[in-house]
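The exercises below ask a reader to work through a structure one feature at a time. Please try each task before reading its solution.

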Amino acid sequence: MVFGSEEKRSYRMVQIIDGKAISATIKEELKEKVAAMKTEGTQVCLAVIQVGDDPASSVYVGNKKKACAFVGIESLAYELPESTTQEELLSLIEKLNADSKVNGILVQLPLPAHIDENKVIETISPAKDVDGFHPQSVGRLCIGQKGYVSCTPAGIIQLLKRSGIAIEGKECVVIGRSNIVGKPMSLLMLRENATVTVAHSRTQNLKEVCKRADILIVAVGKPKMITPEYVKEGAVVIDVGIHRNEGGKLCGDVDFDAVMPHCSAITPVPGGVGPMTIAMLMNNCVESAVLSKQL
Ligand code: NAD
């Protein structure tokens, strides 16, 4: 019997990368580390600032506080009204910069339109920039120096490594060039010695470009845009997208059911990249506390 590609596919095991389990392991590891630090007199502390009451932001902030409580990190919550001025926000950040008890400062984005996001990010001390958004953190990543890395891309590297997926020498295509996902993701894959292509809204022949990828990382922000025509047989597909459809069900940028049979490994949505972001935020806070002790 001759197997066509359909038959061959059905005989291959596809690895569904379990971000929920991997993030839970990371949080358990951090919990132990934080407990050990406490016995030596070090308490880890994260300040979380939210301006306004955007419901999605409130959910994210709530999840971050929950994760802090689980790991044993103290969280200081600042819930400021929508009418907060830029000056008021900057002076709170400066106060937290100067507070030696605070290891990490996180300002939940997006901010109200009257506040300059870049100015806010630049005011956070690079030593407390646990989101990895400060130009100094990005610059360090770019030139291969140690520093904080944006949590979602850092989480994806952990997903790949902890799933036993080799990165070195692989063709990697990242779709998306945003400052918080696409750009840092491509720099991290480069640091891991992949051959990296960054595709974006002006890329021509996107399907052909994506078909080259051994590892395809999708951060395009378009529900189920990636179908099998974009995917090389046996590729690893990482889906960063999060969308809620009319029925309230979550889906990613990748058409999971259609693409999955063509992959060697794939992240689901939910339960793939999503849970890793907060785990890496916790990791950055712990690192900040460790570093502050060494200074
Ligand atoms: P963004 O909108 O800032 O960037 C999207 C990128 O996709 C842009 O660089 C754009 O050039 C590119 N793009 C848009 N349309 C395209 C097209 N037709 N072809 C090729 N490229 C195209 O989005 P983002 O902040 O990078 O987020 C991307 C997705 O990831 C969103 O769905 C977001 O909700 C999700 N996200 C998830 C997490 C997480 O924790 N899992 C974190 C951040 C973002």
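**Exercise 1. State which residues line the largest cavity, and describe that lining by element and by class.**

Solution. The residues that line the largest cavity are Ile 105, Leu 106, Val 107, Leu 109, Val 120, Ile 121, Ile 124, Asp 129, Asp 131 and Phe 133. The model is predicted, so that local features need pLDDT of at least 70 and side-chain atom pairs count only at pLDDT 80 or more, while totals for chains, interfaces and linings use all residues. Residues are numbered from 1 along each chain as its sequence is written, and side-chain values use heavy atoms, with hydrogens and water left out.

The words of the task come next. On a 1 Å grid over the protein atoms alone, a cavity is a set of points where a 1.4 Å probe fits but cannot get out, whereas a pocket is an open set with protein on both sides within 12 Å along at least five of seven lines, and lining residues have an atom within 4 Å of a point. A volume is the space filled by probe spheres set on the points, which are joined across faces, edges and corners. Under this rule there is one cavity of 30 Å³ or more, and the volume of the largest cavity is about 60 Å³.

Turning to elements, helices (H or I, at least four residues) and strands (E, at least two) are DSSP runs numbered from the N terminus. Strand E4 (104-107) and helix H5 (117-123) each give at least two residues to the lining of the largest cavity, and E4 has the largest share, with three residues. For the classes, Ala, Val, Leu, Ile, Met, Phe, Trp, Tyr, Cys and Pro count as nonpolar, Asp, Glu, Lys and Arg as charged, and the others, Gly among them, as polar. The lining of the largest cavity then divides into eight nonpolar, no polar and two charged residues.

**Exercise 2. Find the kind of peptide bond that joins Leu 109 and Pro 110, and do likewise for Val 269 and Pro 270.**

Solution. Leu 109, which is among the residues lining the largest cavity, is joined to Pro 110 by a cis peptide bond with omega of about 0°. Pro 110 lies in the loop between E4 and H5. The bond from Val 269 to Pro 270 is cis too, with omega near 5°, and Pro 270 is placed in the loop between strand E11 (263-266) and H11.

**Exercise 3. Describe the largest pocket by its volume and its lining.**

Solution. The largest pocket holds about 1,400 Å³ of space. Its lining has 45 residues, of which Tyr 60, Thr 152, Ile 242, Gly 274 and Thr 277 are the closest to its centre. Two or more residues come from each of helix H3 (55-71), H7, strand E9 (243-244) and helix H11 (274-294), and H3 gives the most, with nine residues. By class, this lining has 24 nonpolar, 13 polar and eight charged residues.

**Exercise 4. Compare how H7 packs with H8 and how H2 packs with H11.**

Solution. Two packed helices are described by the angle between their axes and the distance between the axes. Axes are lines fitted to C-alpha atoms, for helices over the stretch in contact, and angles run from 0 to 180 degrees between N-to-C directions. Angles under 35 degrees count as roughly parallel, over 145 as roughly antiparallel, 65 to 115 as roughly perpendicular and the rest as oblique.

Helix H7 (residues 151-162) and helix H8 (residues 182-191) pack at about 40°, with their axes 9 Å apart, and H7 and H8 are therefore oblique to each other. Contact means heavy atoms within 4.5 Å, and Pro 153, Ala 154, Ile 156, Ile 157 and Leu 160 in H7 meet Pro 184, Met 185, Leu 188 and Met 189 in H8. The residues of this contact are nine nonpolar, no polar and no charged.

For helix H2 (residues 19-39) and H11, the axes come within 9 Å and cross at roughly 20°, and H2 and H11 are therefore roughly parallel to each other. By class, the contact of H2 with H11 has 13 nonpolar, three polar and three charged residues.
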